[in-house]
Amino acid sequence: MQTPGGMLEIRPMRPDEIGLALDWAAAEGWNPGLHDAAAFAAEDPEGFLIGHLDGAPVAVISGVRYGADFAFLGFYIVRPDMRGRGHGLAIWQALMARLQGRLVGLDGVVAQQENYRRSGFVLAHRNIRHEGRATVAGPVHPAIVTPGAAERAALPAWDRRFFAAPRAGFLSAWINQPGTVLRSYVEDGRLQGYGVIRPCRTGFKIGPLFAERPAVAEALFQALTAAVPAGAPVFLDTPAVTPEALALASRHGMTPVFETARMYTGPAPDIAIDRTYGITSFELG
């Protein structure tokens, strides 16, 4: 595609190239997980685009397709020394053409939110990243379990209430990343919530954290943070429209450090945002 800065070659990333998007995201301060690449590619192997100029990468973006009608946009980054030359707009247009006809969601950083509005995205709610420290492990609630193979296979059906489309491929890869800890809360034989914590470039990040009520979220949070070294940085991304999630972060001494806007190209999907205590990923929803 021709841009003011030259002819940009845009194509899907190969799986071994997704690490570049993660490196660029880390340089922007987004703190991706150490082993996110395989999980990000699992749902839509062609969901990441890369733009080359004279054989060198200058822009990346992702638009992972879920099911038949939904997609989530992320990793919209132009190499710092190549900004302002039209490469970002070119790769954006290529991606949006690919996602034509779908409801598209994103978590927009503050600096880009007005640009997203001009592209037809509408604010649904704010998200706030909180940072704290893992404390010395205490007693684990008796309802907390480590899911086995059968329980892991059943998670996508329960997870569906919290996401706009089925995402079994992504979720299977997500919960099986190296170093990842998965915990569920089971009461009278019924799943009441689950959470994941994974190692990141800095510390550990919780996501998702879904629970039927605040006490379940509290027990899961304690179990997840107990699984990492005491004193390690821990991050939790909460919807600002879920007061119980904000209260959970505050109760554990976590400090707001980053903010995004969840935006969609149409009406926000009917998901259980009121029981969302930790968003899975700003990059993939």
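This is a predicted model: local features need pLDDT of at least 70, side-chain atom pairs count only at pLDDT 80 or more; totals for chains, interfaces and linings use all residues.
Me: Let's start with helix 1. Which of its residues are buried?
Reply: In helix 1 (residues 18–27), they're Ile18, Ala21, Leu22, Trp24 and Ala25. Buried means under 20% relative accessible area, exposed means over 50%, and partly exposed is in between (1.4 Å probe, protein chains only). Helices (H or I, at least four residues) and strands (E, at least two) are DSSP runs, numbered from the N terminus.

Me: Where do those buried residues of helix 1 sit around the axis?
Reply: They line one face of the helix, because seen down the axis they fall within an arc of 165°. The arc is that of the directions from the helix axis to the C-beta atoms.

Me: What covers them?
Reply: The cover for the buried residues of helix 1 includes helix 2 (36–42), strand 4 (48–53), strand 5 (56–66) and strand 6. Contact here means heavy atoms within 4.5 Å.

Me: And what follows helix 1?
Reply: Glycine 29 does, and its phi is positive, near 90°.

Me: How about helix 5, which residues are buried there?
Reply: Leu155, Trp158 and Asp159 are buried in helix 5 (residues 149–159). Down the axis of helix 5, the buried residues fall within an arc of 85°, so they line one face. Ala149, Ala150, Ala153 and Ala157, on the other side of helix 5, are exposed.

Me: What does the buried set of helix 5 pack against?
Reply: Its partners are helix 6 (168–175), strand 10 (181–187), strand 11 (190–199) and strand 12 (204–211).

Me: Is helix 7 mostly covered or mostly exposed?
Reply: Mostly covered, with 9 of the 12 residues of helix 7 buried. Among them are Val216, Leu220 and Phe221. Helix 7 runs over residues 214–225 and reaches 16 Å from its first C-alpha to its last, close to the 16 Å expected. That expected span is 1.5 Å times one less than the number of residues.

Me: Switching topic: how big is the largest pocket?
Reply: Its volume is about 560 Å³. Of the 26 residues lining the largest pocket, the closest to its centre are Trp30, Tyr76, Val109, Gln112 and Tyr116. On a 1 Å grid over the protein atoms alone, a pocket is an open set of points with protein on both sides within 12 Å along at least five of seven lines, while a cavity is a set where a 1.4 Å probe fits but cannot get out; lining residues have an atom within 4 Å of a point. Grid points are joined across faces, edges and corners, and a volume is the space filled by probe spheres set on the points.

Me: Which element gives the largest share of that pocket's lining?
Reply: Strand 6, with 6 residues.

Me: How many cavities of 30 Å³ or more are there?
Reply: The structure holds 1. About 120 Å³ of space lies in the largest cavity. Of its 17 lining residues, Phe162, Phe163, Arg262, Ile271 and Gly285 are the closest to the centre. Strand 6 (70–78) and strand 14 (255–264) are the elements that give two or more residues to this lining.

Me: Which peptide bond is cis?
Reply: The one joining glycine 207 and proline 208, with omega about 0°. Proline 208 is in strand 12. In general, most peptide bonds are trans, and most residues other than glycine have a negative phi.

Me: What's the phi of aspartate 54?
Reply: It's near 55°, a positive value in a residue other than glycine. Aspartate 54 lies in the loop between strand 4 and strand 5, and counts as exposed because its relative accessibility is 78%. Aspartate 188 also has a positive phi, near 55°, and is found in the loop between strand 10 and strand 11.

Me: Last one: is threonine 242 buried or exposed?
Reply: Threonine 242 is buried, with a relative accessible area of 0%. Not counting residues up to four places away in sequence, threonine 242 touches Ile273, Asp274 and Thr276.

Note on methods:
Residues are numbered from 1 along each chain as its sequence is written. Side-chain values use heavy atoms; hydrogens and water are left out.
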